[in-house]
Amino acid sequence: MQIENTPFGITDWSDVEPETHQGEHGYATWRTRKFNNIRVRIVEYSPGYLADHWCSKGHILYCLEGELHTELDDGRIFTLTPGVSYQVADNAEPHRSSAPNGAKLFIVD
């Protein structure tokens with residue numbers, strides 16, 4: 001990741017307008033900031049959330065609250081709990097998320 005042309009700044013996430021994205025089950029609420037080609041988000045998944053797609057985008061993802069299950073297309077499943085993160089490169093391993101009891105994440109991609 002190359003961070004360029006981004007002056008020092010702070011983000012008060014409560015001031016960032018939320019967007020709702022429907023999943024196959026449940027929904028995700030995104031608060032998003034963009035800094036040139038870098039997207040930074042706080043994402044909250046509702047209880048019972050299941051993504052409606054397989055994602056090939058690279059991310060660095062950090063679990064703030066709850067529990068996130070990430071399934072890879074080869075069948076492996078990983079569980080994130082508060083304080084645990086994962087990273088995956090663009091077009092490396094398709095993955096999809098679910099949050100049986102809800103989750104809150106910090107994501108950079």
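Tutor: Let us begin with accessibility: buried means under 20% relative accessible area, exposed over 50%, and partly exposed in between (1.4 Å probe, protein chains only). This is a predicted model, in which local features need pLDDT of at least 70 and side-chain atom pairs count only at pLDDT 80 or more, while totals for chains, interfaces and linings use all residues. Residues are numbered from 1 along each chain as its sequence is written, and side-chain values use heavy atoms, without hydrogens and water.

Student: Why is Glu 71 called partly exposed?

Tutor: Its relative accessible area is 24%, which lies between 20% and 50%, so the term applies.

Student: What makes the contact of Arg 96 and Glu 71 a salt bridge?

Tutor: The term requires a side-chain nitrogen of Lys or Arg within 4 Å of a carboxyl oxygen of Asp or Glu. For Arg 96 and Glu 71 the N to O distance is 3.2 Å, so the pair qualifies.

Student: Why is the pair of Trp 13 and Phe 106 called edge-to-face?

Tutor: Rings of Phe, Tyr and Trp (its six-membered ring) pair if their centres lie within 6.5 Å; planes under 30 degrees apart count as stacked, over 60 as edge-to-face and the rest as tilted. The centres of these two rings are 6.4 Å apart and the planes stand at 90°, so the pair is edge-to-face.

Student: Why is Phe 106 called partly exposed?

Tutor: Phe 106 has 30% relative accessibility, so it falls in the range between buried and exposed.
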